[in-house]
Amino acid sequence: MKQYKDDVEAIAGFLEKYQEIKKEIAKVIVGQDQVVENVLIPIFSRGHGLLIGVPGLAKTLLISTISEVMGLSFSRIQFTPDLMPSDIVGSEILDEHKSFKYIQGPVFANILLADEINRTPPKTQSALLEAMQERIVTVAGKPYPLPDPFFVLSTQNPIEQEGTYPLPEAQLDRFMFNIILDYPSFQEEVDIVKSTTSPGQQKPGIVVSREEILYYQELIRRIPVADNLYEYAVRLASKTRPGTAAAHDWANLYLNWGAGPRASQFLIIGAKCHAAIHGKYSPDIENINAVADIVLRHRIVRNFKAEAEGVSVEDIIGKFISSK
C-alpha cells in the first residue's frame with residue numbers, strides 16, 4: 001500500500017517534470033506539441049521512435065533539443081548509401097603494439113539520432129537491430145553494453161522519394177512508435193521564420209537528470225493496469241492478423257500481414273505513459289486508443305486491394321478501434 005501511495009506522488013512529480021521538459025523544448029521548437037509528446041513517450045517507456053516527414057521539418061533539431069533538455073549524451077549518424085555497419089557500431093583496429101583494440105562507434109550514446117535511416121541499404125540498417133533490442137553491441141564475439149538510458153530515434157523520408165530503401169519489417173517492429181511529422185500551420189511557420197532569422201535565439205536548459213529518467217522509466221512500468229485492458233490490447237492487435245480466428249473482416253480484406261505480440265506490449269506501456277502525462281494514475285481504453293495509430297501503423301502491411309481503393313493504414317486502424 002505504501003508503494004502505491006509513493007507511486008501516486010511520484011506520478012504527480014513526473015507530470016510536473018514532463019511539463020517543464022515541454023516548456024524548455026518549446027523555446028526552440030515552435031508548435032508540434034503532439035509530435036513532441038509522441039517522441040517523449042518512448043523515451044520514458046524504454047522504447048525507440050521512428051519519425052517520418054519530408055526534409056526541412058526540424059526533425060534533427062527536435063531530437064538534439066530533447067537531448068539538451070535531458071542532459072544526455074547525443075550522437076548523430078547521417079545515413080548514406082555507402083555507410084558500413086562498422087561506421088555505426090565501431091570496429092577493431094591494430095594499434096601500435098600490434099594488438100587489436102576496439103574503437104567504439106557513434107551508437108555509444110544515450111540518444112542516437114539515425115538521420116534519414118532509409119537512405120542506406122538494409123545491411124547497414126540491420127546493424128542497429130541488436131543495439132535497439134538488447135542494448136548491447138557485439139564485436140568480434142565480445143559484447144559491449146550501451147549507455148543507460150539508450151534511445152534510438154530514426155528520421156525517415158517518405159519511401160517514394162528518390163534514393164531511399166524501405167526498412168526491413170524486423171527492424172520496423174523494434175520501433176515503439178511511428179510518428180508522422182507534417183508541415184506547420186501558417187502561423188507556426190511565420191513564428192519559425194521570425195525566431196530563426198533574428199539574433200538572440202533562446203537556449204534550452206537542463207531540467208531532468210539521467211538518474212531521474214531511469215527512475216521515471218521504472219515508475220511507468222509499475223503503473224497498474226486492469227486485466228480487461230490487457231485483454232483489450234491483445235484483441236486490438238489480434239484484429240490486424242489476416243487469416244486468423246480473431247481477424248477483423250477488414251484485415252482479411254485489406255491486409256497482407258498484421259501486428260505481432262510486440263504491438264500488444266507497446267500498446268500497454270504506451271498507454272501507461274500516456275495516462276501519466278495526462279494526470280491519470282492508471283490507463284484506460286481511451287489511452288490505448290490514443291497510441292494505437294502510432295503503435296500499429298508500421299506493423300500492418302496493406303495489400304494491393306487497399307492501395308487500389310485508397311484505403312489508408314489509418315482508415316484500417318480506425319475501423320479496428322471502432323468495432324467491438
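A salt bridge here is a side-chain nitrogen of Lys or Arg within 4 Å of a carboxyl oxygen of Asp or Glu. I began with Lys305, which forms such a bridge with Glu309, the closest N and O atoms lying 2.7 Å apart.

Before going on, a note to myself: this is a predicted model, where local features need pLDDT of at least 70 and side-chain atom pairs count only at pLDDT 80 or more, while totals for chains, interfaces and linings use all residues. Residues are numbered from 1 along each chain as its sequence is written, and side-chain values use heavy atoms, with hydrogens and water left out.

Next I looked up accessibility for that pair (buried means under 20% relative accessible area, exposed over 50%, partly exposed in between, with a 1.4 Å probe and protein chains only). Lys305 is partly exposed at 34%, and Glu309 is partly exposed at 44%.

Then I turned to Glu286, which pairs with Lys280 at 3.0 Å between the closest N and O atoms. Glu286 is exposed, with a relative accessible area of 55%, whereas Lys280 counts as partly exposed at 22%.

Buried or exposed, I wondered, is Glu116? I found Glu116 buried, at 18% relative accessibility. Glu116 has a salt bridge to Arg119, with 3.3 Å between the closest N and O atoms, and Arg119 is buried with a relative accessible area of 18%.

Which residues are linked in a network of salt bridges? I noted Asp173, Arg262 and Arg299.

Last entry: by the 4 Å rule, I get a count of 12 salt bridges.
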